Amino acid sequence: MARRVGIIGAAQTKYGRKPEMHLQDVAFEAVQKVLQKTGLKFTEDGSGIDATISCSQDHWDGWTISSKNVVNGGGGHLRPEEKVAEDGAYALYYAALCILGGHYDCILVVAHTKESQVDGRLIENSGLEPLYTRMLGLDFTSCAALQAKQYMHTYGISHEQCARVVIKNRGNAMHNPCAQAPEILTVDNVLGSPVLSEPIRLLDAKPTSDGACALIIGTEEKAKKWTDKPVWIEGLGCSYDRHYPGYRDLTDPLSLKEAARQAYGMAGISNPRGEIDLVELSEYYSFQELLWSEGLGLCEPGQGGRLIESGATQIGGEIPINPSGGLLSGIPVNVAGLNRAAEAAIQLKGEAGGRQVDGARTAVIHGAGGVCGQMHCVISVRREP
Amino acid sequence: MAHRKPTKYPDMFHLITPSKRLNVLSKDPFVAEGRLAMPYRYFPGPVATRFFVELRDNKRIMGIKCPDCGTVYVPVETTCGKCFVKTEEWIEVGNEGVLESYTATHYTIPVQPTPAPVIYGLIKLDGADTDLLHLLGEVDPQVLRVGTRMEAVFREKREGNILDIEYFRPAGNH
């Protein structure tokens, strides 16, 4: 990249059901925390945050142009505010481009969602194309189950291997004070939990969650000035596949491979497994951590099951994945990708406490969206030694 | 949970009903019960219209072929995204095909067309290069296998939509 974009600070709410809170207050809490951490303010003269970019989704919030009713909580009153209606990783992607383009020097990125306000399966159903898929009554879990079945059948991935993802991530969350569902689980717990849509069981899916995440990013000059531990965004990539699941080979995440190719190319990463110290990826279902690991080039196609079994993806392993606890520990949609970025930044700043990956210098952030992972966003970050 | 058969996608108006629980002295959080639903007319365009008319009038499943890469799309699509060209050539594909994946969904949501468990499958019809996503019926999901041959069962009364195929069942056992 011609110029560098640095992550200055990150903050999050604790995740979990928040029936007592208005949406705006959820966003406000995360934003207030990141302002306190960084000491920055919303300003017009270049001495602080220039603009806000938010991420939320109309159907989840229950009104069109979802950001309009939470704009105050994001510091957008009488100021520039734009919304990205995709995963939070896309909001960060867009914010980084705004800085690279020279229009702003410092941007607050905030994502919020309260999943508990609605039956998310109806939101997902309404998100499906209406003529061929929506009428069948499908939602993202039933579609993901078709993907899981095909993936497990094609490569001989066992349900026990998928369960190990749940055990690892919910276990990692024991050290994450923001996590909703930290728990020590066994394979029997996962395989004995109620079936949602075969082969996906209750513990294979992320729980319903509310919360918000906020990040402040800036130009190289601003980042160096406002934090002594900047985390540099070095690679950015995003890609879409077809919407209709039957048009895709669900076992081969092409749009993830393409997003990774773009991001790794920018960052000069040729051997992701050897060069990356940790990965925060978006596993909405346990099997997806294995499939996305393959798409991110951390192992060969079909080897995701062996990767988790080898222990390489645990904290302390060769390539820790989701030391934060991942989505399976309870992160809302839309917030998911920005939470991955926040967790990666916390790791590279060395502030991850009990979940810290020792000496972590490089990380990959992965956001996903759409049915069966239609679109993917990959961002690579690095800190200076 | 009792099954609710959806006749249409729910009607819509923004309706906010103050909850009976609204009480300043209550310790429970206030809730404003709302509903998002609205009538909406989706115009399928001539290509998808022909696909649905063939289902309705002739019980035929049609595919459409990309002139560049030769992919036969079922259901039909006006554009091949890979080649960025219009698909043009109509091809009748079989009412039978191979099961590529399946699942039994055990929870109930009011938009499901049949009571839970709802069985779904991805079926690669003979002559198609893509999979059709649909309901499966007349089968115990425990005996299904990837690779099972399936056949379409059409509804008696067809309305020109994807549910004119009632479901797919294992082929040849009837």
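**Entry 1: chain B**

What percentage of the 174 residues in chain B is made up of buried residues? I looked it up: buried residues make up 30%. A residue counts as buried if 20 or more other C-beta atoms lie within 10 Å of its own, as exposed if 12 or fewer do, and as partly exposed in between, with C-beta atoms placed from the backbone.

I note that this is a predicted model, where local features need pLDDT of at least 70 and side-chain atom pairs count only at pLDDT 80 or more, while totals for chains, interfaces and linings use all residues. Residues are numbered from 1 along each chain as its sequence is written, and chains are lettered from A and ligands numbered from 1 in the order in which they are written.

I found 1 helix and 12 strands in chain B. Both are DSSP runs numbered from the N terminus: helices are H or I with at least four residues, strands E with at least two. Along the sequence I read β-β-α-β-β-β-β-β-β-β-β-β-β.

**Entry 2: one residue**

I picked B:Ala48, in helix H1 (residues 45–58) of chain B. B:Ala48 counts as partly exposed because it has 19 C-beta neighbours inside 10 Å. Leaving out residues up to four places away in sequence, B:Ala48 touches A:Leu131 and B:Val76. Touching, or contact, means C-beta atoms, placed from the backbone, within 7 Å. B:Thr78 is 30 residues from B:Ala48 along the chain, and their C-alpha atoms are 8.1 Å apart.

**Entry 3: where the chains meet**

I found 35 residues of chain B in contact with 30 residues of chain A. On the chain B side, strands S8 (96–105), S9 (118–125) and S10 (132–135) each supply at least two residues. S8(B) gives the largest share, 6 residues.

**Entry 4: the sheet in chain A**

I traced an open sheet of 9 strands with mixed pairing, in the order S3-S2-S4-S7-S1-S8-S11-S10-S9 (chain A). Strands pair if DSSP finds at least two bridges between them. Strands S3 (81–84) and S9 (278–280) of chain A each have a single partner strand, so one side of each lacks a neighbour in the sheet. Neighbouring strands are turned by 25° against each other on average, direction ignored. Axes are lines fitted to C-alpha atoms, for helices over the stretch in contact, and angles run from 0 to 180 degrees between N-to-C directions.

I checked one pair: S10 (residues 362–369) and S11 (residues 375–383) of chain A run antiparallel, joined by 8 bridges. A:Val364 has A:Ser380 in S11(A) as its bridge partner.

Terms used. Contact = placed C-beta atoms within 7 Å.
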